[in-house]
Amino acid sequence: MKSSALVASTFTFSYSINAADKTIAIDGSSTVYPITEAVAEDFQKKTGTKVTVGVSGTGGGFKKFCRGETVISNASRPISKKEMDMCAEAGIAYIELPIAYDALTVVTNKGNDWAKTMTVDELNKIWQSGSSVKNWKDVNPAWPNQPMKLFGPGADSGTFDYFTEAINGRAKSSRSDYTASEDDNVLVTGVSGDKGGMGYFGLAYYLENKDKLNAVSIVAKGKTNGVAPSEQTVMDGTYQPLARPLFIYVHATKGHFDKDVKAFVEYYLANAPKLVKEVKYVPLNSSEYAAVSKHWQSKKAGTGFDGKNEVGLKIEDLIKRIKD
Amino acid sequence: MEIDKMDSEHSLIKPKTLNEVRAMIRKHKRKDFIFSSIGLLTIIFALLTLLILFVDLVMDGYPKLNYQFFTDFPSRRAAHAGILSAWVGSSLIMLVTFVTAVPMGVAAGVYLEEYAPKNWFTDIVEINVTNLAGVPSIIYGLLALGLFVYTFHLGQTIVTAGLTLGLLMLPIVIVSTREAIRSIPIAIREAAYAVGATKWQVVLHHVIQYSFGGILTGIIIGMARALGETAPIITVGALTFIAFLPPAPITSVAPFISFEWLQSGFTVLPIQMFSWLSRPEHAFHINAAAAGAVIIMLTLVMNGTAIWLRYRIRKNIKW
């Protein structure tokens, strides 16, 4: 330890914490990244406060957050039980703030003219763990004899967790014989190159590739008509069950006592409606943003999920559950 | 001519007529030609692949390859997004890497080649050094995360990244230093000793001088490799959005030199490129292509410099 301290001091001799030079360190989900980047860019231009954003993934972000290395963590899923314990052990409390929606979009090839609408059961039949469906006609006899090629995110992604939870009933329970990639652009290329192709990813990637892909309308359980993913159907809550909230977790003490962090979060919430749209995600509706702002003002730390990911939860209900 | 006669009598090969000899030469020349053609085709194939890749990147990224691209910070608007923080980050990290890996690597190489006794210990060191040159870079990243970030508490900073890449480059420098030293004829050393030079004088005035070209080549090739590394840099915690530069190394107040930049967060060119590539908007893919072209150009310039320097230095050595 002695030698390590020596090495450390060699490199830190000129290091001084200077209030004006402080940076707001943010890390976490790559899905939430574009939104936080947009906010950070504008906030830094306006106030001069330095902000950095990293992309370690939701899990990697929480690890840093619970070690006190970052003050805000981007998350595409709620904090897990393990991460809650980790933060509790380090004495770090957090405020959970939903800031936008992402609509997981099931896409098919442009040449697919049969499966414009699919039910959750049909999706489950295809994607469930151990599924042997290899042809479109195996799912629905009315569909043509066309081999099915499946594309999806890797098992480490929050998108994968949410999709499997919503469609297969259990997070991470999925068939594994599909082409997996962490890069959604690879999935776009895959589905657009195969007539029987099918895959799922965030709405933004579909909107950028509308000319190459079809988005499948989803029939939720107990419903009869399909709903196509769009800003409107996500905001009015009819696109179910694949619309998911995205979060930022703010270090509770620093969030309220460090004026820069406080200013940043307030700027975030005030500008989210405009910036979220600009980076092609779906904003919460105005009453939901109002509820989130109120929640922020009330300084209530904790999570409304208790370590479990839930599908189809209303933002207002979620916030009501968080009691200090 | 007695011997010739005897030879042909004892030989199993019958004496050949002039035409047969000519045919044989032709056959051998044909083999020569076939081999050199295959060699040429392989080189053309390799170069063409690189050229196509490079031209493709330049063509895709052409609209972005302008002065502004180098002076803009990253942004959510593809048109305003640039690589300022990335290339500054890459350069500063390369500086730290150079300052740490080169003296250590050259010294280690000289020691192993000139001073170290030949025993089991140096054998183990040798095997390990050669092995380390082939270890996947992510392993260095994990090592650096445990050692520099968590044990030495250097943080996720430029100094950590520079030291990490320094570790990665060290075996390359050691191995190439040793190769370069080995290529010096033993006669040079013996001549120096003969006129009464000490070992240190031999090393300083002759060995290092003559092997300098080779050592330099190794250093620059190692640096070029380090420049394109992403995995270990991500592991030690590179940022993706950083829209400010590290503190300047030269300040207006005494002592005029500041090392605060070592403590700054950073991003590097390959990470910036990767981040743009994974965005949904096509406009960002153009930025990524432009960043890729910049990386290849930098690597080409570095390798080109290595070849040129080696040529210059070799030309000046007259044995």
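Modeller: Quick ground rule before we start: two strands pair if DSSP finds at least two bridges between them. This is a predicted model, where local features need pLDDT of at least 70, side-chain atom pairs count only at pLDDT 80 or more, and totals for chains, interfaces and linings use all residues. Residues are numbered from 1 along each chain as its sequence is written, while chains are lettered from A and ligands numbered from 1 in the order in which they are written.

Biologist: OK, so in S1(B), what is the bridge partner of A:Thr52?

Modeller: Strands here are DSSP E runs of at least two residues, helices H or I runs of at least four, both numbered from the N terminus. S2(A) and S1(B), residues 241-242 of chain B, run antiparallel and are joined by 2 bridges. For A:Thr52, the partner in S1(B) is B:Ile242.

Biologist: Which element gives the largest share of the side of chain A that touches chain B?

Modeller: Contact means C-beta atoms, placed from the backbone, within 7 Å. On that count, 28 residues of chain A touch 25 residues of chain B. Helix H1 (2-12), strand S2 (50-53) and helix H8 (184-192) are among the chain A elements that each supply at least two residues. The largest share, 7 residues, comes from H2(A).

Biologist: Within chain B, are H9(B) and H12(B) roughly parallel or roughly antiparallel?

Modeller: Axes are lines fitted to C-alpha atoms over the stretch in contact, with angles from 0 to 180 degrees between N-to-C directions. H9(B) (199-227) and H12(B) (282-316) pack at about 175 degrees, axes 9 Å apart. Angles under 35 degrees count as roughly parallel and over 145 as roughly antiparallel, so this pair is roughly antiparallel.

Methods:
Contact = placed C-beta atoms within 7 Å. Parallel < 35°, antiparallel > 145°, perpendicular 65-115°, else oblique.
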